[in-house]
Structures are given as C-alpha cells and as structure tokens.
Amino acid sequence: MTIDSKQYKEELRHGYDYAAPGWQKWWKTIETATQDVSKRLVELAEIKLGSKVLDIATGMGEPALTAAKQVGNNGHILAIDISPQMLSFAKERAISLGQQEVVEFREGDAETIDLPSSTFDAALCRWGLMFLPSPKAGLSNIYGSLVKGGHFAAAVWASPEKVPFISVPMNIVLQETNSPPPRTLGPFSMSDQNNLKKFYEESGFVHIVIERIKVVSDFDSSDDFAIDHGGPALQKVLAGETNERRQQIEKAISKGSEKYADSTGKVRFENEAIVIVGRK
C-alpha cells in the first residue's frame, strides 16, 4: 500500500480536528474505559519522580497527564499531537489539574518532529502507532530521543472482532454509505503483535514484552453510543453526508449496539488492547 505521507497526515490532522468536539463531549466515558491502559503504560515505562517523558499522539492529554502525577513537579513531559484542536483541550485539562508547568504540549508527528537526542527517560504512546505511515521512522525517532536504558511503552488495538467499540460503528457506517473499507491506515493496522514486535526490534529496542489488556466501554443506552465520538476514519466516510442522513446512520448505530445492552438498556463493549514495551 503506497501512501502519500504528506496528504495522509493532513487528512489525519483534519479528521482529528473535526472529531475533537465529540471526543470532548465523551471524554469522561472514554477516560473511564481507558485509564487502566494509561496507568499500565506508565508502570511498564518505569516512570518515576523527576522523570523526563515523551508522549506521542497525546490527543486530549493521555497518557501524559497520568504520567504527570508520577513525575512530580521536578519532572517534565513533552506531549505531542498532530491535531491542534485535540491539543487545545489537552491544555485545558492540564490547567484544570494544575499540571501546566509539568506538561509541555507541541504540535507535530512522531516521524518528523525534531526531538532532542538521548534526553527522555521514557516514551509513551496510547493508540497512535496505528496511524504512522512509516512506523520504522517514527519508532527510530523515538528511540533516538531516549537515554540508554529508557523504555518505550505503547498501546494499540487488537483485531476488529476484539474491539466492538470501534468495529461496530465502523462496519455500520461503511454499510450505510456503501463505502469500501478505508485504504489508509486505521485503528487495527497494528493488531498483528508479531509485526508490532518486529517494528520495535528493527528500531533497536530490546527486552520487548507484550501484554493484552481489557478495555471496557460503558454507555447508559444505545442512543448514547453516539456517532460523534468516532475517530478520523469514520468521520472521513461521513463527511459528505447530509445532517439528515447522518442522523439516520446514527440511529442505525444505536440499533446495532443494542445486542451489547443488558436488561436495563445499558450498553457495554468489552474490547482488547495490545500493550508493548521495549528498552533502549
């Protein structure tokens, strides 16, 4: 698959900027589901008081803000993301948590951002590696920024059937819009853990460990499982639809999620993430 990297990154930036208001609306729901992943990444990266940490594809500030609690006032975190709208909300969260002096936010992507060499004690990335056009370039850049012995801990999604939170709405949107599956990189592009490990190894990382972790997403009802928390791939497919048509598709997603509801109507998706850590 040949990708125009510049065009792809521009589309990714636009997609996340467009999706940001929905993510902000659903932030507490998303973070309740994913906080265990952030905590595990911080543990695996062996982040301590005073650590210098790099967070790649921080989105709305995670796992940077979780790590900030661990590094304390003498630590420092550089959190980067390709989307200025996502970063805007991340900065708001940092201020609300009193962590604005500890966490520095910068717009950029893992492959091309200029990082200081041999500086960070640890690097983190929660659900960002799947969107790198050149994973080896991104991981090599991260590797070079770490001190000797520094850890890079990342989380990616498992295969689609193990992540209904994403695959259910995605499949319904594709069906409703008669769209082919996105050709570009997406949330499941790193679901083969052997390939994931290979990218780590090719970039120089050693002592690689892989775990699987459950990510449970709860919604009060199928109607609450709304379209506007979707990622850029989903938003791109919907971009040409009218408001009326989008509402119809949203109803289809609501109906499609009903099989995950209990007797009270609450919807629960049990998803699986792959967590990997390597050392420089």
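Me: Two strands pair if DSSP finds at least two bridges between them. Over how many bridges do strand β6 (residues 206-219) and β7 pair?

Reply: The model is predicted: local features need pLDDT of at least 70 and side-chain atom pairs pLDDT 80 or more, while totals for chains, interfaces and linings use all residues. Residues are numbered from 1 along each chain as its sequence is written, and side-chain values use heavy atoms, leaving out hydrogens and water. Strands (E, at least two residues) and helices (H or I, at least four) are DSSP runs numbered from the N terminus. The pairing of β6 with β7 is antiparallel, and its bridges number 12.

Me: Which residue in β7 is the bridge partner of His-151?

Reply: Strand β5 (residues 146-157) runs antiparallel to β7 (residues 267-279), and seven bridges join them. For His-151, the partner in β7 is Arg-279.

Me: At roughly what angle do the axes of helix α1 and helix α4 cross?

Reply: Two packed helices are described by the angle and the distance between their axes. Here axes are lines fitted to C-alpha atoms, for helices over the stretch in contact, and angles run from 0 to 180 degrees between N-to-C directions. The axes of α1 (residues 5-25) and α4 (residues 84-96) come within 7 Å. They cross at roughly 40°.

Me: Which residues in α4 does α1 meet?

Reply: Contact means heavy atoms within 4.5 Å. On the α1 side are Arg-13, Tyr-16, Asp-17, Ala-20, Trp-23 and Gln-24. In α4 they meet Pro-84, Gln-85, Met-86, Phe-89 and Glu-92.

Me: Is Gln-99 buried or exposed?

Reply: Gln-99 lies in the loop between α4 and β3 (103-107). Leaving aside neighbours within four places in sequence, Gln-99 contacts Leu-65, Ala-68, Lys-69 and Ala-94. Buried means under 20% relative accessible area, exposed over 50%, and partly exposed in between (1.4 Å probe, protein chains only). The relative accessible area of Gln-99 is 9%, so this residue is buried.

Me: Which residue just after α6 takes a positive phi?

Reply: The phi in question is about 50°. The residue is Asn-178.
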